Amino acid sequence: MSLSRGSVAVVGAAESDLGLVAQHTSPLDLMAQGTIAALDDAGLQLSDVDGLLSASTQSRFAPMALSEYLGIKPRFFDGTSIGGSSFMTHVAHAQAAIELGMCEVAVIAYGSTQRSVSRAAASPREYNYYEAPFRPISPISSYALAAMRHMHQYGTTREQLAEVAVSARKWALKNPKAWEKEPLTVEQVLNARMVSYPFTVRDCCLVVDGGGAIVLTSAARAKSLRKKPVYVLGVGECLSHSSIANMPDLTVTGAAESGPQAYAMAQVKPSDVDMVSLYDAFTITPILFLEDLGFCPKGEGGRFVSGGRIAPGGELPVNTSGGGLSYCHPGMYGLLVMIEAIRQVRGECGERQVPNCKIALGHGNGGALSSQCTVIFGSEATL
Amino acid sequence: MQSLTEKSPLGTFLEHLEQGELAYQVAEDGRAVFYPRAVAPRTGGTLEWRVSKGLGTVYSTTAVYYKGEPPLNIALIDMDEGFRLMSRVEEIDAMNVKIGMRVRFRAHPGDDKQPPYPVFTPLEAPK
């Protein structure tokens, strides 16, 4: 048995407050705020929710804590926690649960206060003897090792990596909710403080507070709700390893498996996709994912992102929110990756709206390029 | 299956390191396995311990910049026996460690807080 194209739809989507929240705000405050905003967006009430999915490094048993906070007893719950792509996996699990009748209205929620309390406090590291003595800056050094290998094999340059950050910033300047408000140049990226070669601090995602929620229900029920449904056309998931030393080939991610799964279910190909929302934890990741998801050949990602191709006005709109690099990165950013894709399909993105956006792809990444999950969203016209 | 009540996979690895040896495991199908495990990946079968000849090649490398310290190398090393591990190449500037460089293992003794661990040095003097 497999999931059915378009059987469920996103009917509500909302961010919590983003950026820097007030002292003593908890991750659950943000999840709850996002949940109510997303339900309002859908025209639904808390009492309609019978499925709850959540993950957070600051709340080990997030579905339990959030159920208590919201005062609900969901019939279906899931706390799968595989890093930033957890929420794409939650979409697949929610779809399965809705198809099986285990729930009808599922909320997927996330919240983080990592800027307020510090990354070290928000996301304490597990001890790993096989890495700890070498003092990697986790997870930055893992991604730096992948970038170095890509540069070695394919001639990718630091300037090309910087192009990813510059394009993200150009989009962010069109998003009122983006954290970064000033323009950025390739030279500024290259000359910023070096963190783990080849990454300067401008090759690395933001460390800010934030969260949000999305609401899914059956395609049948979605039709009667407030907003135009955004259908889940396809999902794909891949766990390839956990620590970077165990990634078979540092230049090929599990997106090469999750992408084709999602395309097959959605019955679309990369050239059908109008807009791409990729987890940009570091400037190398959109390059890897554009290759692995079939938008350019393996090894061509660095050249592909150059010359403004993924910036406003470029050939392929990528990370129109400004991404984790310039809009918001609250630790496990995957939920916000999807919210932007959903809004693009709805046509709600204002100045940064991709014209006639019918199909949007959201791709999540977790750990050290370890978990890769792809969700393809489509408007009613794509059914 | 190996009992875990008397000795752990990491415990055996550390005993070898204390003797100046880099130990790894081999599965029944001959594949090299690292990090040390209680059961073989993929098959669930048994694992045999071996001692590496200590020669490998840098698969990837980075230098981390901690405030007030010289850049610190972190590398992934592909050992000739067919396993990969994270380590550090020493006796060379962090940024001069290159992918493809041949390196030789040695045991770092660690200290009060840190058990011994494997590090590497360039096989040939850098040009």
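Mentor: Two residues are in contact if their C-beta atoms, placed from the backbone, lie within 7 Å. The model is predicted: local features need pLDDT of at least 70 and side-chain atom pairs pLDDT 80 or more, while totals for chains, interfaces and linings use all residues. Residues are numbered from 1 along each chain as its sequence is written, and chains are lettered from A and ligands numbered from 1 in the order in which they are written.

Trainee: Which residues does Phe377(A) touch, not counting those up to four places away in sequence?

Mentor: Phe377(A) touches Val10(A), Val230(A), Tyr231(A), Val232(A), Leu233(A), Ala341(A), Ile342(A), Val345(A), Ala360(A) and Gly362(A). Phe377(A) is also among the residues with the most contacts inside the largest nonpolar core, together with Ala106(A), Ile108(A), Ile214(A) and Val215(A).

Trainee: What makes a set of residues a nonpolar core, and how many residues has the largest one?

Mentor: The set must consist of buried Ala, Val, Leu, Ile, Met, Phe, Trp, Tyr and Cys residues joined through C-beta atoms within 7 Å. The largest has 154 residues. This core draws at least three residues from each of domain 1 and domain 2 of chain A.

Trainee: Where do the bounds of these domains come from?

Mentor: They come from an automatic or database domain assignment. For chain A it gives domain 1 as 8-119 + 208-231 and domain 2 as 137-202 + 234-377. The centres of the two domains, taken over C-alpha atoms, are separated by 23 Å.

Trainee: How many residues of each domain of chain A are in contact with the other?

Mentor: Domain 1 contributes 32 residues and domain 2 contributes 34. On the side of domain 1 that touches domain 2, helix H3 (86-99) of chain A gives the most, seven residues. That side divides into 15 nonpolar, 13 polar and four charged residues, where Ala, Val, Leu, Ile, Met, Phe, Trp, Tyr, Cys and Pro count as nonpolar, Asp, Glu, Lys and Arg as charged, and the others, Gly among them, as polar.

Trainee: Is Ala220(A) buried or exposed, and how do you know?

Mentor: A residue is buried if 20 or more other C-beta atoms lie within 10 Å of its own, exposed if 12 or fewer, and partly exposed in between. Ala220(A) has 11 C-beta neighbours inside 10 Å and therefore counts as exposed. Ala220(A) lies in helix H9 (residues 219-222) of chain A. The C-alpha atoms of Ala220(A) and Val8(A), 212 residues apart along the chain, are separated by 8.1 Å.

Trainee: What makes a run of residues a helix or a strand, and why is H11(A) described as largely enclosed?

Mentor: Both are DSSP runs numbered from the N terminus: helices (H or I) have at least four residues, strands (E) at least two. Helix H11 (residues 284-292) of chain A has nine residues, and nine of the nine are buried, so H11(A) is largely enclosed by the rest of the structure. Its cover includes H6, helix H7 (158-172), helix H10 (255-266), S9, helix H12 (301-304) and S10 of chain A. After H11(A) comes Gly294(A), whose phi is positive, near 85 degrees.

Trainee: How do you know that two strands pair, and how many bridges join S8(A) to S11(A)?

Mentor: DSSP must find at least two bridges between them. Eight bridges join strand S8 (residues 230-239) to strand S11 (residues 371-378) of chain A, so these two strands pair, and they run antiparallel. Ile376(A) in S11(A) is the bridge partner of Gly234(A).

Trainee: Why do S3(A) and S9(A) count as edges of the sheet?

Mentor: The open sheet of chain A has nine strands in the order S3-S2-S4-S7-S1-S8-S11-S10-S9, with mixed pairing. Strand S3 (76-78) and strand S9 (275-278) each have a single partner strand, so one side of each is left without a neighbour in the sheet.

Trainee: At what angle does H14(A) run to S10(A)?

Mentor: Axes are lines fitted to C-alpha atoms, for helices over the stretch in contact, and angles run from 0 to 180 degrees between N-to-C directions. Helix H14 (residues 334-346) of chain A runs at about 175 degrees to S10(A). Helix H2 (residues 62-70) of chain A runs at about 125 degrees to S2(A).

Trainee: How many residues does each chain bring to the contact between chain A and chain B?

Mentor: Each brings 20 residues. The largest share of the side of chain A, six residues, comes from H6(A). That side holds 14 nonpolar, three polar and three charged residues. Chain B itself comes to one helix and eight strands, and 33% of its 127 residues count as buried.
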